[in-house]
Amino acid sequence: MSSKQLKQFSKDEVAKHNQPDDLWVIIDSKVYDLSRFKGLHPGGISVLIDEEIAGQDATEAFYSLHRHEVLEKPQYQRLQIGTIEGEKPVIHSRIVGELSKVPYAEPTWLTPGYHSPYYSDGHRKFQKEVRKFFDEVVFQDAIDREADGKRPSQSVIDKMAEINMHAMRMGPGKHLEGRVLMNGLVKPEEFDYFHELIITQEFGRASLRGYGDGLLGGKVIGLPPVLNFGSEELKARIVPDVLAGKKFICLAISEAHAGSDVMGLQTTAVKSEDGKEWIINGSKKWITNGTFADYFTVGCKTEDGFTVILVERGPGVETKQIKTSYSTTAGTAYITFDNVRVPVGNTLGEEGGGIFVILSNFNHERWVMCCASARGQRSIIEECLKWTTQRKVFGKPLHSQAVIRSKLAAMISRAESVQSWLENITYQMCNMTYRQQSGKLAGQIALLKSYSTGCGQDTARDAVQIFGGRGITQSGMGKFVEHYHRTIPFDALLGGAEDVLADLGVRQALRAMPKNVRL
């Protein structure tokens, strides 16, 4: 029903319709006829009659139990019969591309009236278009795929390819040369790590955890070794189709017997008698995107140490889905290699030099996770600030309780500190070569990753306490909090467990200790 067809009513007229067979309510100045819906109401008719909601303004009662999106569903929109004369709705739907006005829901550089030394007007224009794209193209697919567990829709992958989003997610570099980025919004030579940070954080805002990994998270960590260490022939054959979203790649390092202990891997690669092929045997576990990958960037134990090899799906490669506590849309897999023959030309970097290939890759992988972690925490803060404002306890908003404000203060402090540290490291990345990053930032990024995911787990726990039972319910008011609390352990493990990374950061610092210092 269009707004022109809706009638206007006075509140007194609505109040007359307060019986089970004639039941109207007001929600945000809109009038709804629930007479035929009352039997379908999830809470039963007693909620509508006994609590004196019938014929009254039920705005506060509705928003204490339901998210605004409920009113946007077609079956409920059809229940609206009019509006209250002289009043206009004040609660609005999610507006594509719009910045949130909730305090701390956006990083400082996007908050009106605040300033940042890191972002240019070009970054701001870029952010606006990236958010619009993810809101329009990704958000609903993320909701749908998290629900049915299927892999992200190919149509989304294709639309990302049209604007070279897959290439931009790899960060700045030669792979961007000659490409039109975001319909020409940024030139390839001007694209920097802050542009990539924007993409990662806007994607995290518009996505859900399993879907976020499923939408080619494997490419983000599996393709860089090919770009940085593959032969020109290999890159020419592999990279174009991957960046076009036609082929898929994943990083296959972790094993059942070795995770953070990369040198403890047991998958082996030995050369054939003629020396032209690798013969690979072993297994990999918890491999993101493995179920649908065409290529596998595999860490192998070789005669001269540890070597990274690109394996193409074919005879001897078998993938099985692993069910985890987030959706199967991520394509998490157990992979076995049974006498898989791979050309020696698929070696990434030097034979026996795989540790350098992987460690240099870890920096970017962990940095990307920090970008997503910072954004995820901010989204939960927004959910909690909204909820504590509209939820009433003892006749007052939930945030009237000092213990609730204390939790909010801690959540905000953690998110702001993570973002500030992240932006400082990102600035260093923009002014260092890839090799300099590997030497100077490995410890800092490891510490930030450990700190940011630890903060995320604290925030998840506090958010559940704020939402109560709703915070562990997969639908309704707390569904995003439940999802975050259930999936945050992934961030604490992927790219290196928190304790391992914290120790790495300290060991890196100790190596740089001057020999002549004393108290």
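Strand β10 (residues 305-312) is largely enclosed by the rest of the structure, because six of its eight residues are buried; buried here means under 20% relative accessible area, exposed over 50%, and partly exposed in between (1.4 Å probe, protein chains only). Keep in mind that this is a predicted model, where local features need pLDDT of at least 70, side-chain atom pairs count only at pLDDT 80 or more, and totals for chains, interfaces and linings use all residues. Residues are numbered from 1 along each chain as its sequence is written, and side-chain values use heavy atoms, with hydrogens and water left out. Helices (H or I, at least four residues) and strands (E, at least two) are DSSP runs, numbered from the N terminus.

**Around strand β10**

- Strand β9 (residues 295-302) runs antiparallel to β10, and eight bridges join the two; strands pair if DSSP finds at least two bridges between them.
- With two residues between them, β9 and β10 make a hairpin.
- What is the bridge partner of Val-298 in β10? That would be Ile-309.
- β10 also pairs with strand β13 (residues 347-348), again in the antiparallel sense, over two bridges.
- On that side, Ile-309 stands opposite Thr-347 in β13.

**The five-stranded sheet**

- There's an open sheet of five strands with mixed pairing, in the order β1-β5-β4-β3-β2.
- Its edges are β1 (7-9) and β2 (18-19); each has a single partner strand, so one side of each is left without a neighbour in the sheet.
- Further in, β3 and strand β4 (residues 30-33) run antiparallel and are joined by four bridges.
- Look for Ile-26, which stands opposite Val-31 in β4.

**The second largest pocket**

- The second largest pocket has a volume of about 790 Å³.
- How is a pocket found? On a 1 Å grid over the protein atoms alone, a cavity is a set of points where a 1.4 Å probe fits but cannot get out, while a pocket is an open set with protein on both sides within 12 Å along at least five of seven lines; lining residues have an atom within 4 Å of a point.
- Grid points are joined across faces, edges and corners, and the volume is the space filled by probe spheres set on the points.
- This pocket is lined by 35 residues, and the closest to its centre are His-66, Arg-67, Val-70, Lys-73 and Gly-476.
- Two or more lining residues come from each of β3 (22-27), α2 (45-49), α3 (59-63), α5 (121-148) and α17 (479-493).
- Helix α17 gives the largest share of that lining, with five residues.
- By type, the lining splits into 21 nonpolar, seven polar and seven charged residues. Ala, Val, Leu, Ile, Met, Phe, Trp, Tyr, Cys and Pro count as nonpolar, Asp, Glu, Lys and Arg as charged, and the others, Gly among them, as polar.

**Cysteines**

- Taking a disulfide as a pair of cysteine sulfur atoms within 2.5 Å, the count comes to zero.
- Cys-250 is in no disulfide, and the nearest cysteine sulfur, that of Cys-300, is 13 Å away. Cys-250 counts as buried, because its relative accessibility is 0%.
- Cys-384 is in no disulfide either; its nearest cysteine sulfur belongs to Cys-455, 15 Å away. At a relative accessible area of 0%, Cys-384 is buried.

- Glu-162 is part of helix α6, and its 61% relative accessibility makes it exposed.
- Along the chain, Glu-162 and Arg-313 are 151 residues apart, and their C-alpha atoms are separated by 26 Å.
- Asn-164 sits in the loop between α6 (154-162) and α7 (165-168). Is Asn-164 buried or exposed? At 10% relative accessibility, Asn-164 counts as buried.
- Leaving out residues up to four places away in sequence, Asn-164 touches Arg-179, Val-180 and Leu-181; contact means heavy atoms within 4.5 Å.
- In the loop between α7 and α8 (193-206) you'll find Glu-177, which is exposed with a relative accessible area of 59%.
- Glu-177 and Tyr-193 are 16 residues apart in sequence and 16 Å apart in space, C-alpha to C-alpha.
- His-195 belongs to helix α8 and is buried, with a relative accessible area of 6%.
- Not counting residues up to four places away in sequence, His-195 touches His-123, Phe-126, Val-186 and Glu-190.
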